[in-house]
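Okay, thanks for coming, everyone.

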Amino acid sequence: MCTVVVRVDPAAAWPVTMLALRDESPERPWDPPAAWWPDRDPDVRGVRDQQAGGAWLAASDRGGLAVVLNRWESTPGVDGAWTTRGTLPLDAVVDGLLPGADGTAPTSRAFNLVRATAGGAEVVTWDGTTVRTTALGPGVHMVTHGEPDDPAAPRVGRWLGAFRAVPAPAGPPPRDPSDAVGATGSAPDPDGWGPWFGVLEGSATVPADDPDAILRDTVEPEGHVATLSIVAAAVGPDRTVLRHTRLAQPGVLHGPLTHDHA
């Protein structure tokens, strides 16, 4: 169950900034952000799932950004099977196509799709019964496996207030996002990512298998799930910037890290 923290400020030079943490089985291979889908749009880059070929997160300068999170509800599928949710971020960024827009129900498992452009951000939800869209107004929001900003969701109830209590990033993240962790002014962080990474660092005091943990390493009903990587992103009128950190040890922020930018 992934986690997204998003700040919306329509009047700002960079109207949306986002911190997205990917939770997945450590046994499922994936690729860091790059232009993996040239047949659809050579300008789109994102985190690719090697098994299904789709995107957990996709972005382009023209299309903004979209990231998909699993929800908890069961869904019927079609003849007991489901289409991959990895097509959703690509459809949103490449074609501007959002689930349910054509009046048909998705054939995937349940999801939250966080969609961000220079015009703002929204969450498109499929809970197995209906598709609905929640606009994210100005301010800081948090999305996990339930409703946006829902205090009943453990991570949201525990940490949304902490993210809202500190200054939110106002522009592109530093080249290496972890430079902002514990930043005291010596790290290059002109757009203020340090406070958010400080909250993330503080959250690591919670055991990785605790329901309140943001950085996760636990066994869910569907199997072993862990936080594998972090994307910090900023969406502007004509540019989308991604910075990606692959965690050397699932669910652990500190230690050797691999950085990618796109």
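Let's start with a quick one: in E8, which residue is the bridge partner of Arg-115? It's Glu-122. Before I go on, the housekeeping: this is a predicted model, so local features need pLDDT of at least 70 and side-chain atom pairs count only at pLDDT 80 or more, while totals for chains, interfaces and linings use all residues. Residues are numbered from 1 along each chain as its sequence is written, and side-chain values use heavy atoms, with hydrogens and water left out.

Back to the strands. When I say strand or helix, I mean DSSP runs numbered from the N terminus: H or I with at least four residues for helices, E with at least two for strands. Strand E7, residues 111-117, pairs with E8 in the antiparallel sense over 7 bridges; pairing here requires at least two DSSP bridges between the strands. E7 and E8 make a hairpin, with 2 residues between them. On to E9, residues 131-136: this strand runs antiparallel to E8, and 6 bridges join them. Val-124 sits opposite Thr-133 of E9. The E8 and E9 hairpin has 4 residues between the strands, and there Gly-128 takes a positive phi near 95°.

So is E8, residues 120-126, mostly covered or mostly open? Mostly covered, with 6 of its 7 residues buried. For the cut-offs, buried is under 20% relative accessible area, exposed is over 50%, and partly exposed is in between, with a 1.4 Å probe and protein chains only.

Next, helix H1, residues 87-95, where 7 of 9 residues are buried. Leu-88, Asp-91 and Val-94 are among them. The buried residues of H1 pack against E5, E6 and E7.

Now the pockets. The search runs on a 1 Å grid over the protein atoms alone, and a pocket is an open set of points with protein on both sides within 12 Å along at least five of seven lines; lining residues have an atom within 4 Å of a point. Volume is the space filled by probe spheres set on the points, and grid points are joined across faces, edges and corners. The largest pocket holds about 820 Å³. It has 32 lining residues, and the closest to its centre are Glu-24, Arg-28, Asn-70, Arg-85 and Arg-109. Strands E2, E5, E6 and E12 each give two or more residues to that lining. By class, the lining splits into 10 nonpolar, 12 polar and 10 charged. As for the classes, nonpolar is Ala, Val, Leu, Ile, Met, Phe, Trp, Tyr, Cys and Pro, charged is Asp, Glu, Lys and Arg, and the others, Gly among them, are polar.

The second largest pocket comes in at about 220 Å³. Leu-88 and Asp-91 turn up again here, among the residues closest to its centre. Its lining has 7 nonpolar, 7 polar and 2 charged residues.

Last stop: Arg-158, in helix H2, residues 154-165. Arg-158 is partly exposed, at 40% relative accessible area. Which residues does Arg-158 contact, leaving aside neighbours within four places in sequence? Val-206 and Asp-212, where contact means heavy atoms within 4.5 Å. Arg-158 and Asp-212 are 54 residues apart in sequence, yet 6.3 Å apart C-alpha to C-alpha. Their side chains are joined by a polar contact of 2.9 Å. That term covers N or O pairs within 3.5 Å; within protein, one atom must be able to donate a hydrogen and the other to accept it, and residues adjacent in sequence count only if both atoms are side-chain atoms.

Methods
1 Å grid on protein atoms, 1.4 Å probe; cavity = no way out; pocket = protein on both sides within 12 Å on 5 of 7 lines; lining within 4 Å.
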